[in-house]
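I opened my notebook to look up a few annotated residues. Here is the structure I worked from.

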There are 2 protein chains.
Amino acid sequence: MPPAYSLTYAQRAERHSNPAAKALLETIERKKSNLCVSVDVAKRADFLRVIDTVGPYVCLIKTHVDIIEDFEPALIERLNELSIKHDFLIFEDRKFADIGNTVALQYSSGVHKIAQWSHITNAHPVPGPSIIVGLSSVGLPLGRGLLLLAEMSTKGSLATGSYTEEAVRMARAHRDFVIGFIAQRRMDGVGASDVSSDEEDFLVLTPGVGLDSRGDSMGQQYRTPDEVVFESGCDVIIVGRGIYGKGNDVDTQTVQAQAERYRKEGWVAYEKRIARLS
Amino acid sequence: MPPAYSLTYAQRAERHSNPAAKALLETIERKKSNLCVSVDVAKRADFLRVIDTVGPYVCLIKTHVDIIEDFEPALIERLNELSIKHDFLIFEDRKFADIGNTVALQYSSGVHKIAQWSHITNAHPVPGPSIIVGLSSVGLPLGRGLLLLAEMSTKGSLATGSYTEEAVRMARAHRDFVIGFIAQRRMDGVGASDVSSDEEDFLVLTPGVGLDSRGDSMGQQYRTPDEVVFESGCDVIIVGRGIYGKGNDVDTQTVQAQAERYRKEGWVAYEKRIARLS
């Protein structure tokens, strides 16, 4: 079996058994977009406006619902409507990082009820496998998928070396629910023992993607879509303020032009990768 | 200078420069309690009832405000009133784990506005030092304190070895805001280089404390107050359901008897430690 990153998104969608991963791969293929926009704004109105503007260009919208000051349950209804209108999935970037019992409650309960609406969420592997067990007790029956943070793009990240290897091993042991990684590169073969990892298909979603800047003052570092998708073999590029600026004075045409620019760069890098490998 | 764990809480309160750490040490001394109760319930009414019941016995209440289904801003007012009535501090166990810019927003904003009311919060060191920079930009002007998760008590935790050492080095480089660790043992000397760490006083708060059980099905493991405070030299014991059960049928006398039992065990272990070392 060839490695996942040499197959088309459509081929991978056919083979994947997790409903959230399958839906994401199908959406990517259908929209010819491996672009995920990260919507980090604090006002409900800005949140919806940015999403409605970039919606046509993305496969996935990444949210931080816990930074929205004027959050109310009806916001989730609007988000779901936009998800259907523009055909994208939702990824609440919660970075769960607690013990199993606590994350199960954080995922299912509270004012945000993340499991009810977020097709994909993510977690740090640092607590050990119990975090996956806790989240999957809530998410698996709902057809959700989980990404593990195997690496981080910040300076001085501790998610390196044996930490990353352990994260991949944890994912491999829970392939029904763990659909991939937040990482800067493919994890195929990382931490693998004798057991073949040929049949695994973990999605790699990569933050820290930018075309016009190399970093910010808080330790974030940026790479281009070509570096991420073609050179490193990642599957989805995550872009934030590089597309919509501060989000409070969205000029539709400017933002859509930026979104289309990233969509195209990401897709071209993918086609280049497939052409080289097939 | 003798190591912090050989001093009394009162002596350490006098020396400490961070307002939240100083207030916590003073509260511990005043109430003769190094007990923190972790209140993990999903209903507002249960949350307030448990806190009002255990309040007289604790120095600190640990919250997961994001699991409360019927959260509303007025709940924070009630919590603040109880904090004054019973003389305890508040520790939102948020386990921040994102990049600097995002955690600053998660800490200050959203529906929960954690920085406004939580004297102490915590973070995973995994993103690197930028997470401290981001949180401290919000918390330091408010007199807040941060705990780093240097270790976790779950099975298969990845917070070990060089990860733990790096966490302690990050704390040492930000002693104005990082007041200690969530850990199972003292961190004095861990990851230390030539620079003397004699003058540092990091508080060690320890979860996974229980008198009647050794673990749960989701990977949590338990130790006794004596093991934690006397043998391992930790400063605050964190106890949850061992004190209040499910939290929805609180029998005041039973819960208070349990809280007093843990308070006493924790205090006796501390007095034993001081007597041995002084």
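**Entry: the annotated lysine**

I began with A:K95 and listed its contacts (heavy atoms within 4.5 Å), leaving aside neighbours within four places in sequence: A:N122, A:A123, A:H124, A:L149, A:M152, B:A97 and B:D98. I noted that this is a predicted model, where local features need pLDDT of at least 70, side-chain atom pairs count only at pLDDT 80 or more, and totals for chains, interfaces and linings use all residues. Residues are numbered from 1 along each chain as written, chains are lettered from A and ligands numbered from 1 in the order written, and side-chain values use heavy atoms, without hydrogens and water.

Is A:K95 buried or exposed? I found it buried, because its relative accessibility is 7%. Buried means under 20% relative accessible area, exposed over 50%, and partly exposed in between, with a 1.4 Å probe and protein chains only.

**Entry: its partner**

Which side chain makes a polar contact with that of A:K95? I found A:D93, at 2.8 Å. A polar contact is a pair of N or O atoms within 3.5 Å; within protein, one must be able to donate a hydrogen and the other to accept it, and residues adjacent in sequence count only if both atoms are side-chain atoms.

A:D93 is buried too, since its relative accessibility is 3%. Not counting residues up to four places away in sequence, A:D93 touches A:K62, A:T63, A:H64, A:N122 and B:D98.

**Entry: the record**

I checked UniProt: an unreviewed entry annotates A:D93, A:K95 and A:D98 as "active site". Such annotations may be inferred rather than shown by experiment; positions use the numbering here, and feature names are shortened.
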